[in-house]
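Subject: Structure handover

Hello,

I am passing a structure on to you, with notes on what was found in it. Please look through the sequence and the model before reading on.

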Amino acid sequence: KTAEKPAGRVYEIDGFTVRAGRSNSENDAITSAARGKDLWLHAKNYHSSHVVIEVRERSATEEVIVKAAEICAYYSAGRQGSKIDVDYAQKKFVKKPPKDRPGFWIYSEFSTVTVDPARHEEFLKSK
């Protein structure tokens with residue numbers, strides 16, 4: 001029995017697994033699989049990948065959050081720009097409205113970081 005391959009691009013940043021969706025269905029899968037204190041990221045005011053930092057029982061450092069936000073900004077409709085606002089929230093504050101379209105979630109209790117888009121291929125583990 002083989003384990004199901006997790007959806008999306010998988011990164012390893014300073015010991016944290018970071019996942020980025022490539023489609024609405026992958027965004028749904030990544031967000032649904034995230035746990036309570038995992039951090040969920042999404043570019044503000046842009047269509048973007050959902051990015052999840054799997055924190056487990058640790059706290060993500062500001063550096064990890066910024067790198068994950070740069071990846072999120074890179075995989076957003078704002079990629080060509082700079083100074084992209086990326087919101088992040090603990091998964092427990094991210095909800096899927098009943099029967100809403102794939103890739104659509106609502107969130108509260110979030111913070112915002114402003115970053116320049118970066119692909120960070122150096123951290124990429126699988127595509």
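The notes below go from the overall build to the sheet, the cores and the salt bridges.

This is a predicted model, in which local features need pLDDT of at least 70 and side-chain atom pairs count only at pLDDT 80 or more, while totals for chains, interfaces and linings use all residues. Residues are numbered from 1 along each chain as its sequence is written, and side-chain values use heavy atoms, with hydrogens and water left out.

Overall build

The protein has two helices and nine strands. Both kinds of element are DSSP runs numbered from the N terminus, helices being H or I of at least four residues and strands E of at least two. From the N terminus on, their order is β-β-α-β-β-α-β-β-β-β-β. The C-alpha atoms fill a box of roughly 40 × 30 × 25 Å along the principal axes.

Of the 127 residues, 46% count as buried. Buried means under 20% relative accessible area, exposed means over 50%, and partly exposed lies in between (1.4 Å probe, protein chains only). Among contacts between residues at least 6 apart in sequence, 63% join residues at least 24 apart, where contact means heavy atoms within 4.5 Å.

Seven strands form an open sheet in the order 8-5-3-4-2-1-9, with antiparallel pairing. Two strands are taken to pair if DSSP finds at least two bridges between them. At the edges are strand 8 (111-115) and strand 9 (124-126), each of which pairs on one side only. From one strand to the next, the twist averages 30°. Angles run from 0 to 180 degrees between N-to-C directions, and the axes are lines fitted to C-alpha atoms, for helices over the stretch in contact.

Strand 3 (residues 39-43) and strand 4 (residues 51-54) run antiparallel and are joined by three bridges; here L41 stands opposite V51. Helix 2 (residues 62-74) packs on the sheet and touches strand 1 (9-13), strand 2 (16-20), strand 3, strand 4, strand 5 (84-90) and strand 8. The direction of helix 2 makes about 40° with that of strand 3.

Strand 5 pairs with strand 3 in the antiparallel sense over five bridges, and D87 in strand 5 is the bridge partner of H42. Five bridges also join strand 5 to strand 8, again antiparallel, with D85 opposite T114 in strand 8. Strand 5 is mostly covered, as five of its seven residues are buried.

The cores

A nonpolar core is a set of buried Ala, Val, Leu, Ile, Met, Phe, Trp, Tyr and Cys residues joined through side-chain atoms within 4.5 Å. The largest one has 27 residues, and those with the most contacts inside it are Y11, L41, I53, A60 and V86. Two or more residues each come from strand 1, strand 2, strand 3, strand 4, helix 2, strand 5 and strand 8. Helix 2 gives the largest share, eight residues.

Leaving aside neighbours within four places in sequence, Y11 is in contact with residues including F16, V18, I71, Y75, F123 and L124. A second, separate core has seven residues, among them A34, V52, A89 and V94.

The salt bridges

The structure holds twelve salt bridges, each a side-chain nitrogen of Lys or Arg within 4 Å of a carboxyl oxygen of Asp or Glu.

R56 and D38 meet through their side chains in one of them, at 3.2 Å from N to O. This pair links distant parts of the chain, 18 residues apart: R56 is in the loop between strand 4 and helix 2, and D38 is in the loop between helix 1 (24-33) and strand 3. D38 is buried at 2% relative accessible area, whereas R56 is partly exposed at 32%. Together with R19 and E54, these two residues are linked in a network of salt bridges.

Another salt bridge joins the side chains of E26 and R22 (2.8 Å, N to O). E26 is buried, with a relative accessible area of 16%, and R22 is partly exposed at 40%. The side chains of R101 and D100 also meet in a salt bridge, at 3.6 Å from N to O. D100 is partly exposed, with a relative accessible area of 27%.

Regards
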